[in-house]
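Please read them alongside the structure.

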Amino acid sequence: MKIRSLEVGVCGTDREICTFVYGSPPLGFDYLVLGHESLGEVIEVGAGVSRFQPGDLVVPSVRRPCPHAHCLPCREDKQDFCFTGDFSERGIKMTHGFMTEFYVDEEKYLTWVPPELRGVAVLVEPLTVAEKGLEQVWKVQKRLPWVHPKTSDGQLGAGKNAVVLGAGPVGILGAMVLIVNGFKTWVYSRSKAPNAKSELVESIGAKYVSCEVETVDQLAARVGSIDLVYEAVGSAKISYDVLRVLGLNGIYIFTGIPAPKPPIGIDADIIMRNLVLKNQIIVGTVNADREAFEGAIRDLGIFLKRWPTALCSLITGRYKIDQYRDLLLGRAGGIKNVIALA
């Protein structure tokens with residue numbers, strides 16, 4: 001299928017690739033086309049395509065399977081759980097991304113987007129981080145009676161406390177998912193309130209707390225038992241500080257990938273003791289499968305109806321491609337910046 005790129009989101013991963021923290025070009029190339037958060041329009045379809053037609057809006061997935069026959073996850077389209085590590089990722093690892101006028105992709109790596117989500121669909125990929133993370137939560141916490149049997153399907157987090165670390169796009173979208181699922185939600189971030197992010201967070205019904213104002217222990221005292229932590233800050237120091245105050249039977253989701261830095265000190269004995277005595281779980285989650293993309297599109301529709309102003313204000317700027325240098329190498333500003341290609 002031939003796709004016209006409409007919009008590409010710029011994130012910390014793109015910026016870190018540009019400073020050579022990670023990222024690798026395809027074999028035979030000395031450059032990598034960036035862009036893994038994308039919205040496109042179908043231009044042409046092949047004879048074997050059944051789910052799409054020209055004019056459809058689509059969002060592409062990022063991770064692609066490794067070539068090894070013995071890797072069962074990749075052979076079953078679960079490349080986000082690849083066993084070999086030889087997967088590729090569009091715009092990140094060994095495969096060009098979507099920051100280009102057109103690209104070609106296979107039908108199974110594309111997810112249809114309703115036209116009414118045209119203005120916010122570039123947020124689908126960062127939202128899939130939370131979608132996959134929460135799906136792992138439900139599966140892992142089946143190890144105990146974590147959800148009350150009388151809880152309705154759409155409110156499985158009712159009566160539980162969640163803390164989101166970071167008020168960037170991944171963090172705020174994660175907070176939205178948690179609230180929709182019934183969690184009482186706090187966002188713990190750096191900047192003192194009031195600021196644009198704190199106001200957005202408060203507008204959706206979450207509580208914003210600055211780590212410059214309240215310590216981790218003060219946060220725990222305010223929240224009570226912390227049932228779930230969704231880490232979206234990419235900072236090991238604050239992340240492990242909060243892990244120390246995770247509650248009984250709590251689950252902690254790591255999503256950030258910190259850049260290489262000198263080692264830090266942590267309360268390892270306390271963390272280890274808590275993990276054992278409090279029956280806690282730590283889960284790392286990366287990328288996403290088709291179900292997470294479909295869930296993200298579904299939930300974006302819910303967010304748009306429930307918080308139209310807040311959702312749209314996540315995208316703080318749309319820019320032309322010739323402004324790429326400031327977006328990728330300059331001082332990051334706003335919440336989510338987008339390059340509009342069409």
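**Notes on the predicted model**

1. His-36 is buried, its relative accessible area being 4% (buried means under 20% relative accessible area, exposed over 50% and partly exposed in between, with a 1.4 Å probe and protein chains only). This residue is found in the loop between α1 (12-18) and β2, where helices (H or I, at least four residues) and strands (E, at least two) are DSSP runs numbered from the N terminus. Leaving aside neighbours within four places in sequence, His-36 is in contact with Cys-11, Thr-13, Asp-14, Val-62, Arg-90, Ile-92, Phe-98 and Glu-125, contact meaning heavy atoms within 4.5 Å.

2. On conventions, this is a predicted model in which local features need pLDDT of at least 70 and side-chain atom pairs count only at pLDDT 80 or more, whereas totals for chains, interfaces and linings use all residues. Residues are numbered from 1 along each chain as its sequence is written, and side-chain values use heavy atoms, with hydrogens and water left out.

3. The largest nonpolar core has 57 residues, of which Met-176, Leu-228 and Phe-303 touch the most other members (such a core is a set of buried Ala, Val, Leu, Ile, Met, Phe, Trp, Tyr and Cys residues joined through side-chain atoms within 4.5 Å). Helix α4 (residues 169-180) supplies the largest share of this core, eight residues. A second, separate core of 19 residues includes Val-163, Val-209, Ala-220 and Ile-271.

4. Which residues does Phe-303 touch, not counting residues up to four places away in sequence? They are Leu-127, Leu-173, Met-176, Val-177, Val-180, Pro-308 and Leu-311.

5. The axes of helix α3 (residues 124-140) and helix α9 (residues 290-306) come within 8 Å and cross at roughly 105°; the axes are lines fitted to C-alpha atoms over the stretch in contact, and angles run from 0 to 180 degrees between N-to-C directions. α3 and α9 are therefore roughly perpendicular to each other, a class that covers 65 to 115 degrees, with angles under 35 counted as roughly parallel, over 145 as roughly antiparallel and the rest as oblique.

6. In helix α6 (residues 216-223), the residues Val-216, Leu-219, Ala-220 and Val-223 are buried. They lie on the same side of α6, because they cover an arc of only 100° around the axis, the arc being that of the directions from the helix axis to the C-beta atoms. The buried residues of α6 pack against β9 (161-165), β10 (184-189), β11 (207-210) and α7 (236-243). Just after α6, Gly-224 takes a positive phi of about 95°.
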